[in-house]
Amino acid sequence: MDGDPLPPDNGGMAASSRDHQQDADGVAVDDRPSAGPVIRTPDQRLRIFVSSTLKELEPERRAARAAIERLRLAPVMFELGARPHPPRQLYRAYLEQSDVFVGVYWQEYGWVAPGEEISGLEDEYRLAPREMPKLIYVKQPAERSPRLTELMNRIRGDDTASYTPFSTPDQLAELVTADLATLLAERFDASRARVVPPPATAGGGRLPAPYSPVLGRERDLATLLGWLSGEARRLVTLVGPGGIGKSRLAIEVAHRAGPAFDRVTFVPLAQVRDPGEVLGAIARELGVRHTGDAPLSEQLGIARAGRRDLIVLDNFEQIVDAAPDVVSLLTDLPGATFLVTSRVRLRVRGEQVFDVEPLDVPTEPSPPSVRALLESPAVQLFRDRARAADPRFDVTDENAEDVARICRALEGVPLAIELAAARIRVLTPAAMLGRLDRVLPLLVTAARDVPERQRTIEATVGWSIDLLSADARALFDRLGVFAGDFSLDAVEAVTAGEPWAADLLGTMLELVDGSLVRQRDHLGVPLFSMLVPVREMATARFALDPGAAAVRRAHAEYYVRLAAETELRLRGATQPAALDRLEAERDDLRAGCRHLIAIGEADIVADVVWRLFLYWWIRGLLPEVKAWMEAVLDSGRELSPRTRAIAMAFSSWVVLWQPDGEIRREPPEEAVALFHAVGDEFGEGLALAIASLSCMSVTPRDLDRAEARLRSALELAAVRSDPTFLSLFESVLGRILRLRGEPARAVECFDRARHLAEHTGDQFAERVALIQIGWSRLADGKPQPELFARALDRSLRLHNEDGDAYALEGLAGCAAAAGDIERAGFLLGAAEALRARTGLREQRSYVTYQSFVEAVLATDRAAEFEASRVVGRRMPRDAVLEIALGTESAAAVGSPHQEHPPS
């Protein structure tokens with residue numbers, strides 16, 4: 001931006017940019033007294049005096065001269081001929097014989113001659129007669145000299161001049177040509193009448209031509225067209241971050257809504273920096289010129305009286321202080337409706353906000369079919385823009401999953417997807433995916449027709465940051481400590497004591513309004529998030545904070561407190577909400593733990609791991625947390641006895657699910673002893689259960705010790721008083737008894753486990769018990785698929801993918817027992833796909849389905865089974881649920897693994 005603000009557009013004679021030139025549909029108003037006609041001989045042309053510094057604006061002077069001559073007018077310029085007269089006398093004479101004054105200014109004030117107090121540049125402006133039309137063009141960006149700034153401030157009060165910014169000589173030439181042509185038309189109109197109403201027209205505005213079809217916006221278009229069809233919503237603001245597709249959506253709405261209006265007018269505001277210039281920009285696009293005898297908004301009202309206008313104001317965020325002017329137009333132009341695109345809300349009366357969301361991305365986690373994948377608008381956009389870069393590209397079976405993951409990683413942001421797809425000439429989707437750990441360097445374009453602020457995602461985000469207040473910029477930088485979604489409480493924890501955080505809620509609202517931060521409600525808790533490119537930029541800025549280490553510690557300590565507060569709620573009826581609460585901030589919970597490990601706070605991390613034992617288990621995070629505990633054990637640091645016990649017990653627990661892990665009986669036994677020594681009775685009980693499972697899983701099994709260790713756990717008061725773990729331990733005891741050939745006693749354990757879970761409302765413990773009972777019935781030749789269906793329902797509601805796999809395997813076993821080999825293959829294949837994704841298998845002491853698989857493979861239907869199994873591995877999740885639960889039940893469960901997008 002310029003070093004000083006541009007003056008307000010008091011007399012907007014300047015035309016718009018070359019892409020959106022105005023027509024003659026307007027009003028000309030002249031405040032000069034009427035005079036008799038001037039009759040010129042054919043050799044006399046209007047003279048256009050051009051004032052500017054010479055050297056710094058030499059290319060611009062050439063461009064202005066060419067523009068004037070194209071109109072068959074006469075340029076009057078100092079350098080067009082050497083004359084034997086002093087400079088001041090010369091340009092005074094030139095001015096007296098000229099008809100229009102054109103001033104072109106940039107950075108320099110100009111030379112001040114000896115004995116003079118002002119430069120020739122200022123003197124030329126002062127000498128121009130007041131009644132002479134003045135067209136002022138200001139080059140941007142600029143670092144102006146102080147005296148030029150003073151001159152422009154004085155020009156600010158001159159209501160006979162118009163002001164227009166420009167950046168290149170070509171743009172200046174276009175503006176001069178259009179302005180002079182309009183000026184001539186106005187003066188011709190004014191010679192016939194003081195106010196000449198324009199003829200009625202239909203349409204008449206100029207809209208940008210879309211360069212590509214609009215994708216995935218059908219519902220948005222329907223909503224917006226509905227809003228614009230009535231008169232209740234006359235100011236509609238499309239709000240969203242840079243690159244989200246606001247302008248494209250607005251243009252499409254304007255094209256489709258056009259027939260309902262007398263005229264649709266598109267007003268590009270990206271180059272406007274001064275709020276005072278907005279009315280002038282609107283007037284130029286409507287073909288209305290302001291000569292100062294009435295407020296411009298009133299003149300617009302006169303010009304558009306009786307007309308129904310749709311006026312699109314594009315890129316309003318940097319001039320949001322002009323919002324009251326738009327509100328005034330709602331009164332002065334009663335037939336006008338305004339459609340505004342902005343990264344921030346206008347926050348004025350009458351505004352109807354429409355949040356523009358990212359495009360829908362593929363939500364199916366398993367490998368999708370190409371046809372299903374191309375139903376996603378984000379994938380369609382990637383394909384279309386990739387084809388534009390390389391016509392040979394297509395989405396195929398080989399690259400479909402990579403394309404889906406790219407679109408998910410970029411969170412459906414259209415500009416990010418377009419920039420990534422353009423790299424298809426040099427990167428395959430797989431190679432591109434490997435570079436998305438840092439998206440900003442990848443998301444760059446070299447296209448010459450794209451605004452500079454949208455040639456990189458970094459520039460797009462930077463534009464939004466520059467519009468923030470100082471406090472909001474400081475808060476944005478601080479939010480770079482977060483790895484994912486975060487709560488207001490978390491923000492308070494990492495900003496405590498900062499002077500710029502005194503009004504934290506108000507400052508957060510500024511970031512939300514500026515489309516840098518998104519907000520959604522989660523179980524009554526407001527959560528905030530940033531799109532990937534925005535978060536990456538915040539992270540980079542936060543890394544420069546000299547106090548980053550202390551902030552990271554405060555961040556980690558907040559999530560330690562969250563773990564302590566949530567621990568007991570992970571049991572019983574509060575379990576689903578507690579799981580979802582932790583999942584909402586999972587990325588930061590994990591980031592906080594990793595940071596604590598890095599700075600040697602092993603005791604704190606181990607305590608968090610143990611408190612959230614059920615969360616890691618239910619949500620399939622066991623392998624990652626096991627790696628943390630192994631890092632603690634291998635760190636070489638001296639560990640407290642409890643921390644060592646937790647690390648050994650947890651690692652021993654997770655290895656039971658890992659097919660290649662080495663199961664050893666000694667580590668959990670050492671953990672039992674350590675817990676006992678420090679008086680942690682619950683820890684001792686959990687370690688005993690893990691030791692029992694290890695005895696069941698080694699070769700050969702030691703069922704006697706397994707039962708003894710488990711019964712020791714069940715005798716502990718801390719276990720007896722915890723219904724959730726008591727239920728889980730009863731299920732383990734039942735498994736031991738079944739392996740020992742005591743099915744009746746085993747069923748008693750399973751029934752007790754189920755009763756305890758149902759009584760306390762613990763869906764996870766119930767799911768575990770249901771699976772055990774189901775396999776017991778199946779082993780007894782009395783399959784009850786409804787038990788596995790109920791278990792699947794419970795696991796789906798908990799987002800417990802490991803439980804989904806157990807339930808699908810049980811349903812597959814029931815189908816095989818009933819002779820439905822195709823269904824059995826589908827369901828088992830789907831379970832195998834889940835196992836492959838989570839990296840966890842059945843506990844080695846708990847192989848359930850292998851016997852029926854071997855039985856089917858020994859029949860003449862083996863080929864049919866294997867073919868169905870292959871199909872099941874690639875089957876979309878919704879189709880699997882319909883087969884497993886039936887259409888109605890699958891719909892009732894919904895899609896619990898999908899995140900709800902923030903607003």
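This is a predicted model: local features need pLDDT of at least 70, side-chain atom pairs count only at pLDDT 80 or more; totals for chains, interfaces and linings use all residues.

Colleague: How far does α36 reach from its first C-alpha to its last?

Modeller: One compares the span with that expected at 1.5 Å a residue. Helix α36, residues 801-817, reaches 24 Å, close to the expected 24 Å. Just after this helix, Gly 819 takes a positive phi of about 85°.

Colleague: Is Cys 814 buried or exposed?

Modeller: Buried means a relative accessible area under 20%. Cys 814 has a value of 6%, so this residue is buried. Cys 407 is likewise buried, at 0%. The structure holds 0 disulfides.

Colleague: Let us turn to a strand. Which residues of β9 lie on each side?

Modeller: On one side of β9 are Ala 336, Phe 338, Val 340 and Ser 342, and on the other are Thr 337, Leu 339 and Thr 341. Both faces are covered, and 7 of the 7 residues in the strand are buried.

Colleague: How many bridges join β6 to β9?

Modeller: There are 5 bridges between β6, residues 235-239, and β9, and these strands run parallel. Val 239, for instance, has Ser 342 as its bridge partner in β9. Strand β8, residues 309-314, also pairs with β9 in the parallel sense, over 5 bridges. There, Ile 311 is partnered with Phe 338.

Colleague: Which helix makes a β-α-β unit with β8 and β9?

Modeller: That is α10, residues 323-332, and the unit is right-handed.

Terms used
Residues are numbered from 1 along each chain as its sequence is written. Side-chain values use heavy atoms; hydrogens and water are left out. Helices (H or I, at least four residues) and strands (E, at least two) are DSSP runs, numbered from the N terminus. The expected span of a helix is 1.5 Å times one less than its number of residues. A disulfide is a pair of cysteine sulfur atoms within 2.5 Å. Buried means under 20% relative accessible area, exposed over 50%, partly exposed in between (1.4 Å probe, protein chains only). Two strands pair if DSSP finds at least two bridges between them. A crossover is right-handed if, with the strands pointing away from the viewer, the path from the first strand over the helix to the second runs clockwise.
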